[in-house]
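Have the sequence and coordinates open as you read.

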Amino acid sequence: MEPAAAAALPASHVSAQGGHTAATAARDLRRRQYAVLALTFAAYAAFHASRKPPSIVKAVLSTDWAPFSGPSGTHHLGELDLAFLSAYAAAMFAAGHLADRADLRVLLGAAMLASAATSAALGAAYFLDIHSLAFFLAAQVASGVVQSAGWPCVVAVVGNWFGHASSRGTIMGVWTSHTSVGNIAGSFLAAAVLEFGWGWSFLVPALVIAALGVVVLVFLVAHPSDAGLELDAMEVEMNGEGGEEVELLVEEKKEVQVDDDEFEMEMGSQLPRAIGFLEAWRLPGVAPYAFCLFFSKLVAYTFLYWLPFYIRNNAVAGQFLSHKASGILSIVFDIGGVLGGISAGYLSDAIGARAITSVLFLLLSIPSLILYRAFGSISMRHNLGLMFISGYFVNGPYSLITTAVATDLGTQDAIKGNSRALATVSAIIDGTGSVGAALGPLLTGYISTRGWNSVFFMLIVSISLALVFLIRIARDEIVAKIGARH
């Protein structure tokens, strides 16, 4: 159409044409966002599925595989958890720094393939009849290092696509269920093939994460700009009554020709500076949430690594369950965790208060653990119900802090929307939490020899300390809510 003809068109026709273009662009954006959510969800679920086998095979190793079957067997099992989680925590800080600077698609895919290799190495120990504690520890350290790149990458990718979403807590609550979904899948896969030899419990999840790693390398679009989209130019809201998509602002992408030198100069001035490690620690809210997660993750990972062992060694209705049944039964905790994470995200969006939501879940998790320990052995119904409730409240704040809170803090006004800070902030929060995650399973390996009441006491003390770090932020949220009403 000639420019003169276009100018002669009625204004209503031009407006309708622009609205059609805007609606098409919005649908394309939403489709790509869903694709990114699905792929990053599957990727991180695979990471967690590959972490689950050590907890499933613990009871088998403690009975007939040296060096874990001797008098110091449970101590060595705890040290095995420590090797992975301490390496994971230490490498996490560097991984976040790297993710802010590297190609997220390549880094994530490579980390998944390397994780498959380390998981396969642990499985090979069964087939090669390896009994060296040093070998198991080395494999776990290597696994922790390569897996540390997973979390900063997926959080940064999702933050790139959903950085301005008003329902971030709900989106992240649903998305972060990948942790529990991965635990469920890993438990099921590892337990299902356990009867063929514990080595298969490592090899099958390794094949899954390797396959998904290839998919990530081929299909993941890490940033809207990689697909030729300008996310900042398009804000989409949902109408509260009809649920219709309303375009608030759509700007057509203009073709501008600049010479190479001018283009490089403009791009250099537009790209935000990657935030420094110490600078990220000083951001408002980062330190309190990081230390809260230290204790929250200590509790969550104690269940992740020791719950099947606990079920196997504590009779339910007077009967001890098999290794396979114990592993499958532990899935109920993670099912509760899925719903807990989603509920925490939705509630925090509804009331606009992340800290208050976290404190509420932490408070309710204390009586949940007491009831599970006291009455979980009465019957299978009691065990399943109380395990579900414990998972719901334990995983709620853990999921909320590692996702929605980390994204909020990584894109807050104090850093003027610097998206390159997101992976660093996420790594600091999750890395600090991972130090607690390393400590919990290690302490359980030693404390459990004195009785499981002592282990649950440790968990309750940890939850109480997590609450301490959020009290001030929760108080500020309450004061702000009261002030807003006046």
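Arg 32 and Asp 28 sit four residues apart in helix H2, so about one helical turn separates them; helices here are DSSP runs of H or I with at least four residues, numbered from the N terminus. Their side chains meet in a salt bridge, 3.3 Å from N to O, where the term means a side-chain nitrogen of Lys or Arg within 4 Å of a carboxyl oxygen of Asp or Glu. This is a predicted model, in which local features need pLDDT of at least 70, side-chain atom pairs count only at pLDDT 80 or more, and totals for chains, interfaces and linings use all residues. Residues are numbered from 1 along each chain as its sequence is written, and side-chain values use heavy atoms, leaving out hydrogens and water.

- Asp 28 and Arg 31 are three residues apart, about one turn, in helix H2, which covers residues 11-51.

- Asp 28 is partly exposed at 22% relative accessibility, on a scale where buried is under 20% relative accessible area, exposed is over 50% and partly exposed is in between (1.4 Å probe, protein chains only).
- Arg 32 is partly exposed at 26%, whereas Arg 31 is exposed at 51%.

**Elsewhere and overall**
- The side chains of Asp 476 and Arg 475 meet in a salt bridge at 3.4 Å, N to O.
- Asp 476 is partly exposed at 39%, and Arg 475 is partly exposed at 48%.
- Shared partners link Asp 28, Arg 31 and Arg 32 into one salt-bridge network.
- The whole structure holds six salt bridges.

Notes
Helix = DSSP H or I, 4+ residues; strand = E, 2+ residues; numbered from the N terminus.
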